[in-house]
Amino acid sequence: MALARIARNNYRRSGNALANYAGERVLLCEGPSVHQCHSPFSGNFKTFHKNVTTGGNLPFVSSILSFGSRGITTTPQFQFGHAERVMVESDSEYEGPNYPTLEATKPGEKPRVVVLGSGWAACRFLKGLDTRLYDVVCISPRNHMVFTPLLASTCVGTLEFRSVAEPVSQIQTALAKDPNSYFFLAACTGVDTDKHEVYCETVGDGKLSQEPYHFRVSYDKLVIASGSEPLTFGIKGVKEHAFFLREVSHAQDIRKRLLLNLMLSQNPGISEEEKERLLHCVVIGGGPTGVEFSGELSDFIMRDVRQRYTHVKNYIRVTLIEANEILSSFDVGLREYATKHLTKCGVRLVRGVVKEVDANKIVLSDGSEVPYGLLVWSTGVGPSEFVKSLKSAKVSRVGVDEWLRVPAAEDVFALGDCAGFLEQVGRPVLPALAQVAERQGKFLVELFNRIGKQDAGKALSAKDMPLGDPFVYKHLGSMASVGRYKALVDLRQSKDAKGLSLAGFVSWLIW
């Protein structure tokens with residue numbers, strides 16, 4: 001736990017832990033400061049549309065209210081159909097019902113920065129933004145940041161869930177305290193770059209009386225940091241039957257299934273074959289996440305299962321399936337060390353390609369079947385639905401230049417997993433890593449603070465302004481835990497470069 005605190009020293013924890021934590025469905029405001037939360041969508045509502053049918057044939061209520069000097073007004077519905085056109089030449093003609101809107105800033109008011117997302121890049125940007133220069137609005141379906149490197153440890157109880165999550169309002173306190181800064185629990189569904197507006201749909205989980213509830217927010221500067229989604233390669237049954245490991249709610253579900261299978265396997269009358277299936281944990285993907293989770297599972301089996309579930313201790317096993325080599329980006333010596341260590345710890349390594357996933361078994365490309373009770377899928381990440389709606393299907397990231405600007409749209413920036421350098425920039429696409437996102441967030445927030453100090457934070461006011469040195473990424477290395485207080489540290493700057501590589505207990509301390 002001490003190591004977790006050291007690793008997360010850039011994100012100071014407050015005294016308020018996430019009480020009553022429930023994955024993605026957590027309260028908008030945390031702790032005793034709930035009464036201080038503010039929103040332009042609270043107050044005296046005047047309903048002017050009821051039971052208006054949207055594209056999904058679901059009714060919603062649009063409403064307006066008075067909010068200081070910035071009124072919530074209604075504007076026509078936006079149908080986000082052709083994303084590539086919208087990013088380049090946004091159409092300003094919309095038809096349909098009206099949306100409540102957080103209006104554009106007025107002269108004399110601070111410029112508004114809208115941030116889409118609450119991951120590594122977004123939170124690093126939010127943490128450093130000077131709120132004396134800007135008002136900030138964060139829009140995300142998740143109101144906390146997840147420290148993903150330690151997420152695998154929460155699945156088996158090594159760490160508690162609240163140890164790997166930090167509320168966004170604690171990272172940037174202005175979201176909870178400043179009168180014109182907000183956090184909205186919603187997903188962005190579209191962007192109108194001509195009008196400088198984003199279109200959102202709330203994440204209410206059926207709790208609102210009228211859903212889906214849509215609204216729009218005007219911006220002076222827009223930062224797209226919406227992240228990525230697990231990559232399934234379109235394999236049948238993955239989304240229905242496999243668990244992913246990217247959110248706290250995923251880790252909670254994995255822990256529940258693992259403990260449930262252990263309890264069910266002890267019931268009288270359960271056949272030997274069914275016990276073996278229930279207690280067979282299969283991990284797909286030999287990257288850092290898959291290897292770290294396999295290592296944590298093997299530790300859990302050795303430390304806890306053999307002491308607390310003695311009746312079934314000989315049935316539980318772990319299988320790691322990878323199409324090529326595990327940890328392919330690491331040094332050859334480190335890969336060999338990880339292979340030997342995992343095998344010694346009881347993890348069975350299988351080379352194969354998944355063809356189909358059923359409720360109780362996996363079908364590999366060679367026709368063999370692998371029964372399972374728990375299936376964890378960690379084969380990398382791909383574009384989110386929002387990013388795919390912004391660009392053509394062939395492009396997996398939002399194109400940016402050397403200053404992380406989206407060239408086709410004024411005052412729009414992108415960073416993190418969802419952003420990639422354009423081909424004409426002449427730079428390789430950066431990997432979807434936390435250190436990339438963190439460094440991009442730091443670079444962009446310093447750029448924004450410089451712009452704000454020169455009174456160029458308003459929309460269309462920084463067109464001809466010199467932006468300084470472009471963003472340059474230098475890889476600091478890779479690390480991965482393999483269980484039993486052992487880890488790998490690869491300090492090479494690239495896969496083909498030379499550099500220091502360490503494995504063992506000392507590497508675990510560094511990790």
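## Ground rules

Since the model is predicted, local features need pLDDT of at least 70 and side-chain atom pairs count only at pLDDT 80 or more, while totals for chains, interfaces and linings use all residues. Numbering runs from 1 along each chain as its sequence is written, and side-chain values use heavy atoms, leaving out hydrogens and water.

## The whole protein

You're looking at 14 helices and 27 strands; these are DSSP runs, helices being H or I with at least four residues and strands being E with at least two, numbered from the N terminus.

Take the contacts (heavy atoms within 4.5 Å) between residues at least 6 apart in sequence: 67% of them join residues at least 24 apart.

## A three-stranded sheet

Strands E17, E18 and E19 make an open antiparallel sheet, in that order; pairing here takes at least two DSSP bridges between two strands. From one strand to the next, the twist averages 25°, using axes fitted to C-alpha atoms and angles from 0 to 180 degrees between N-to-C directions.

E17 pairs with E18 (residues 361–364) over three bridges, in the antiparallel sense. Val357 has Ile362 of E18 as its bridge partner.

## Aromatic pairs

Rings of Phe, Tyr and Trp (its six-membered ring) pair if their centres lie within 6.5 Å; planes under 30 degrees apart are stacked, over 60 edge-to-face, and the rest tilted. That rule gives nine aromatic pairs. One of them is Phe125 with Phe448: the centres are 5.1 Å apart and the planes at 90°, so this pair is edge-to-face. It ties together distant parts of the chain, with Phe125 in helix H3 (residues 120–128) and Phe448 in helix H13 (residues 434–453), 323 residues apart. Phe125 is buried at 0% relative accessibility, and Phe448 is buried at 0% too.

Phe443 and Phe471 are also edge-to-face, at 5.5 Å centre to centre with 65° between the planes. Phe443 belongs to helix H13, while Phe471 lies in the loop between H13 and strand E25 (478–483), 28 residues apart. Phe443 is buried at 14% relative accessibility, and Phe471 is buried at 2%.

## Cluster and charge

Phe125 and Phe448 turn up again in one aromatic cluster with Tyr134 and Phe413. Elsewhere, the charged end of Arg427 sits over the ring of Phe421, 5.4 Å from its centre; the rule asks for NZ of Lys or CZ of Arg within 6 Å of the ring centre and within 35 degrees of the ring normal.

Notes
Buried < 20%, exposed > 50% of the residue type's maximum accessible area, 1.4 Å probe, protein only.
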